[in-house]
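User: Hello! I am new to reading protein models. Could you walk me through this one step by step?

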Amino acid sequence: MQVDHTAPASWVNTRIKQDEVFKYMDHGRDFIPDDEIEAKIRVDEGKEPDPQQVRAILAKSMAIKDLTTDEVAVLIRVNDKAMLEEMRQTAFNVKQKVYDNRIVTFAPFYLGNYCVNRCSYCGFNHDNDTCKRKVLNDEEIRHEVEVLAGKIGHKRLIVVYGEHPKNDVDYIVESLKTIYSVKTKTRNGTNSIRRVNVNAPPFSIADLKRINEAGIGTYQVFQETYHKKTYARMHPVNTIKGNYNWRLYCMHRAMEAGIDDVGIGALFGLYDWRFELMALVYHTQELEKRLGIGAHTVSFPRLQPALNSIITPDWPYLVSDEDFKKIMMIIRLAVPYTGMIVTAREKAEIRNEAVMMGVTQMDASSRIEIGGYSDVVTAQKENKQQFILGDTRSLDALIRDLAAMGHVTSFCTAGYRCGRTGKCIMDLLRSGTEGKFCKLNAVLTFQEWLDDFASDDTKRLSQPLIDREINEIKQKNPQALDIFINYYERVKKGERDLYL
Amino acid sequence: MNGTSTSRIVRLFESAASALEADAGGPVHLVRLIGPRTSFVAGRVPDEMPFVASVRVILNEQWALLFYPAPGHSIDREKVKAMFKDLYTLS
Ligand code: SF4
């Protein structure tokens, strides 16, 4: 029998602080101009753009400059196969220029699935009586982290909280403390979670200050759909999430609360992907213009049809694989220095291709049911998960596949612990300097992981890659060599968590 | 420390920044300490950041300076702290 999980009205009705929305608006107008976006994606619709115009836009991306929304609209119209390949190659080159051949890995960690909202596409929605509800207590969190850090070897998490009093700000702060406190022994050293990014509901400035004080990495909130009519259809108006602008302006509040790394995203497939893509660019531009810092990461999860959901196989806005790839390359080209996350929602084949389109972050060994990491049963459980995973590769297998493609897996969490955050990291990414720090830290953390967790196969395949990276550091970054070699030798002897 | 004192420490830092940089021979950043996080608040970010282990001078439980000293330069912690003594009266 299901326990009643309705939240008290006194809690629900005090969540939204309307004054913390209005104050950022421009004479009552938000920054997503629906009509303007629709008009831009209809200009010359169906007509292949002039290749010279497209190449000029690609050259601008290669110079690590943001694209305008008009330029993004031109790229959306490209359908010519050869030109799409040029776009893909440029997207990859842009990523290499800013981030080099590194992919950052993390694990999603769902702490609860109670939710007061009624999003029509989500299995956790309040009215779904078949969903088994749970919120992890302190001891359960500890057990999960022991598996994540001690057995799998993760060092970075995205912790996911539902919108419910059981997952309120007190719970978030306490759970973050618990996660950071767990230290585990490994084959040759020790490990712990070093960076916790938070995916949570929109909060007030006061609550966000408290979350910030707990030492989070990135604060992530996805708008789901930026299209207002679709938003209203998916999120009933009498729910907290039904307030479009409360969600839209949460990153403004986050930055006012002192959080300087924010992650935005859209759930592709709720409405026309072209609209959502344009709106994401409008969002990053608004953050840059108003707050001086763009989004630290952009996410673009893609909806799949689901049982008992409004999203059936004949839903008109489902995104094909080809369009999904185009979305990824255009995001890379539009915001060249912003991190891009593709999660294990997608199948392994798509994620392998995503790496060649400029994606920078991926999860692995992911479990998205509550308590899934310490659960001995390995099959996915539909009634405890928000969606079904497409890529169930272990971290070891992902790292091996990436190494075979020439990519170094980075567990670096240095930036946010040594002051390279917010405007500083954005400037370093733009100038290409951060990439040099990252290479050093990537090699140090990759070596740590190989020594502590890798299978023999993965080690065999990855060690030559590390040797190649060290050679490159010798040639291209000789001024960093002394300190790097000193740190590297210490890591090889079992010292952990050394970074530059 | 409230918002007003944040802007006061930024002003204090900005007035001292060029002297601090001259001593260090490299960039100096004002950062806020938030649990495990060290958040950049102010300072020059040159196109070529030096690859040195930064030297951290903790001003109080919330604020610190990160120095990226050039070879041969050392940081006189007491002198730096003295430059920021007003900080201890900000609350
Ligand atoms: S999408 Fe998020 S807010 Fe909506 S019902 Fe699901 S868990 Fe709740």
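Predicted model: local features only at pLDDT ≥ 70, side-chain atom pairs only at ≥ 80, totals over all residues.

User: How many helices and strands does chain A have?

Analyst: Residues are numbered from 1 along each chain as its sequence is written, chains are lettered from A and ligands numbered from 1 in the order in which they are written, and side-chain values use heavy atoms, leaving out hydrogens and water. Helices (H or I, at least four residues) and strands (E, at least two) are DSSP runs, numbered from the N terminus. Chain A has 20 helices and 11 strands.

User: And in what order do the elements of chain B run?

Analyst: From the N terminus, chain B reads α-β-β-β-β-α, with two helices and four strands. Its radius of gyration is 13 Å, close to the 12 Å from the globule rule for 91 residues, so chain B is as compact as a globular protein of that length. That radius is taken over C-alpha atoms, and the rule is 2.2 Å times the number of residues to the power 0.38.

User: What share of the residues of each chain counts as buried?

Analyst: Buried means under 20% relative accessible area, exposed over 50%, and partly exposed in between (1.4 Å probe, protein chains only). In chain A, 64% of the 500 residues count as buried; in chain B, 48% of the 91 residues do.

User: Is A:His5 buried or exposed?

Analyst: A:His5 is buried, since its relative accessible area is 7%. This residue sits in the segment before helix H1 (9-12) of chain A. Contact means heavy atoms within 4.5 Å. Beyond its neighbours within four places in sequence, A:His5 touches A:Tyr114, A:Cys115, A:His126, A:Arg133 and A:His164.

User: Into which domains is chain A divided?

Analyst: Domain bounds come from an automatic or database domain assignment. Chain A has domain 1 (9-29 + 100-430), domain 2 (34-89) and domain 3 (434-492). The C-alpha centres of domain 1 and domain 3 of chain A are 29 Å apart. Their contact takes 34 residues from domain 1 and 26 residues from domain 3 of chain A.
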